[in-house]
Amino acid sequence: MTYKGYLIDLDGTMYRGKEPIPAATRFIARLQEANIPFLFVTNNTTKSQEEVAENLATNFDIHVSKETVYTGSVATASYLKSLDKGNKVFVIGESGLKQELHEAGFIIEEKNPDYVVVALDRQARYQDFETATLAIHNGARFISTNKDTNLPSEKGLVPGAGALTALLIASTKQQPTYIGKPEAIIMNEALGVIGLAKEEVLMVGDNYETDIMAGIKNDIDSLLVFSGFTKPEDLLNVKEQPTYKVPSLDDWSLR
């Protein structure tokens, strides 16, 4: 099967925390040499597109423009604008998300926000969750950037946005609208950005629950690389398998 473009995860696929994955750097170089378009699709909301591109260049020798990065922050801002239900938002999240929402015209509001958005926030306090809980009880729409319960890092698996979202689910007894992989919201927007149809692209990632399910749920072929979150034994009892599986991206040939 030949693919005209690639949608590619970052954390666990291109790197593990601060640890480089040399095969990933070589994979991107092969795509660039072959002039095959690709788009990094990441649930990470802590960095802006520019910061993600700079991090890839500085720490992992992957040189791309910011336009090749599609973050959960961009997808969240785009989705909220499409709802057109107000511009007041309370955010549990880091600078990448807040910057994107600000640039999209949203303002921070604690008492009567139209939306509560929860994402990865490594400085979150109990007070933030108290404010978010009360706002949701008062009618704010509950949005979560993604379901990732854990993130691979050089220290091991650490809590992700999904773990923080679980706290608000427990305290509000409500389910959020999820934006990031494996949801259709971010995948449809990513396809629009790369300008290709579902059958023309391959979703590449290390996490069965997000990257591979993003492919399965959205009728996009998927490639699971065992460089991060999901291990081969995790697939033993999984009914829906990835389209392809490889130990390393060095094992994938551009077809």
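Rings of Phe, Tyr and Trp (its six-membered ring) pair if their centres lie within 6.5 Å; planes under 30 degrees apart count as stacked, over 60 as edge-to-face and the rest as tilted. With that in hand, look for Tyr3, Tyr6, Phe27, Tyr244 and Trp252, which ring pairs link into a cluster. The model is a predicted one, where local features need pLDDT of at least 70 and side-chain atom pairs count only at pLDDT 80 or more, while totals for chains, interfaces and linings use all residues. Residues are numbered from 1 along each chain as its sequence is written, and side-chain values use heavy atoms, with hydrogens and water left out.

Let us stay with the rings. The count comes to 7 aromatic pairs. Tyr6 and Phe27 are edge-to-face, because their centres are 5.8 Å apart and their planes stand at 75 degrees. Tyr6 sits in strand 1 (residues 5-8) and Phe27 in helix 1 (residues 22-33), so this pair ties together parts 21 residues apart in sequence; helices (H or I, at least four residues) and strands (E, at least two) are DSSP runs, numbered from the N terminus. Tyr6 has 1% relative accessibility and counts as buried, meaning under 20% relative accessible area (1.4 Å probe, protein chains only), with exposed over 50% and partly exposed in between. Phe27, at 0%, is buried too.

Next, visit the loop between strand 4 (38-42) and helix 2 (49-60), where Ser48 is found. Ser48 is buried, at 5% relative accessibility. Leaving aside residues up to four places away in sequence, Ser48 touches Gly96 and Gln99, where contact means heavy atoms within 4.5 Å.
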